[in-house]
Amino acid sequence: MRLRCMVEDKDSEHEDDPEAVGVGKLWGIKERGVCWGDDRNGVTLMSVDDMKSFQTQAKKHEQDGWYLLGEDFVVTGGSTTRADLKGSGILAFVCDPEDPIPSGYKKEKALVDGCTLTDFIS
């Protein structure tokens with residue numbers, strides 16, 4: 001399988017929507033790389049220099065569990081990507097109290113109120 005990748009240090013894709021996930025201060029994203037394979041499944045890796053800003057915006061946009069966070073980076077992708085990253089130490093960002101985290105999984109306080117970081121990646 002071949003991968004095609006694109007790296008952005010500025011945001012051009014979402015110029016019409018000032019709230020969209022994009023490179024810049026609002027989301028705290030320094031750089032974003034997007035790769036996709038022949039099967040059209042994509043993976044996005046974002047270098048984040050302000051994780052609190054990122055988490056604040058992610059909470060507003062209610063993408064529970066969609067963002068997988070490292071210390072200074074975020075990954076998004078489909079079910080294959082998520083399955084591949086289980087056990088890697090990366091944590092899912094969850095803010096929905098109706099989305100229970102089973103016992104035995106890590107639950108860490110996120111940088112924004114009402115959200116949790118967990119190693120339960122569904």
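Which residues form a negative surface patch? Glu62, Asp96, Glu98 and Asp99 do. The model is predicted, so local features need pLDDT of at least 70 and side-chain atom pairs count only at pLDDT 80 or more, while totals for chains, interfaces and linings use all residues. Residues are numbered from 1 along each chain as its sequence is written, and side-chain values use heavy atoms, with hydrogens and water left out.

**The negative patch**

- A patch takes residues with over 30% relative accessible area and no salt bridge, joining like charges within 9 Å and nonpolar side chains (Val, Leu, Ile, Met, Phe, Trp, Tyr) within 5 Å.
- Asp and Glu count as negative and Lys and Arg as positive, while His and the chain ends are not counted; each charge is placed at CG of Asp, CD of Glu, NZ of Lys or CZ of Arg.
- Asp99, one of the patch residues, sits in the loop between β6 (91-94) and β7 (107-109).
- Asp99 has 35% relative accessibility and therefore counts as partly exposed; buried means under 20% relative accessible area, exposed over 50%, and partly exposed in between (1.4 Å probe, protein chains only).
- Glu62, also in the patch, comes just after α1 and has a positive phi of about 45 degrees.

**Helix α1**

- Helices (H or I, at least four residues) and strands (E, at least two) are DSSP runs, numbered from the N terminus.
- Helix α1 covers residues 51-60, and its buried residues include Met51, Phe54 and Ala58.

**The disulfide**

- The structure has one disulfide, a term for a pair of cysteine sulfur atoms within 2.5 Å.
- Such a link is a covalent bond between the sulfur atoms of two cysteines.
- Cys95 and Cys115 form the disulfide, with their sulfur atoms 1.9 Å apart.
- Cys95 lies in the loop between β6 and β7 and Cys115 in the loop between β7 and β8 (116-118), so the pair ties together parts that are 20 residues apart in sequence.
- The disulfide is right-handed because the torsion about the S-S bond of Cys95 and Cys115 is about 105 degrees.
- Cys95 and Cys115 are both buried.

**Salt bridges**

- Two salt bridges are found in the whole structure; each is a side-chain nitrogen of Lys or Arg within 4 Å of a carboxyl oxygen of Asp or Glu.
- Lys106 pairs with Glu108 in a salt bridge whose closest N and O atoms are 3.9 Å apart.
- Lys106 is partly exposed at 39% relative accessibility, and Glu108 is partly exposed at 35%.
- Lys109 pairs with Asp113 in a salt bridge, the closest N and O atoms being 3.3 Å apart.
- Lys109 is exposed, with a relative accessible area of 62%, and Asp113 is exposed with 58%.

Notes. Areas by Shrake-Rupley, 256 points an atom, 1.4 Å probe, with all protein chains shown as cover.
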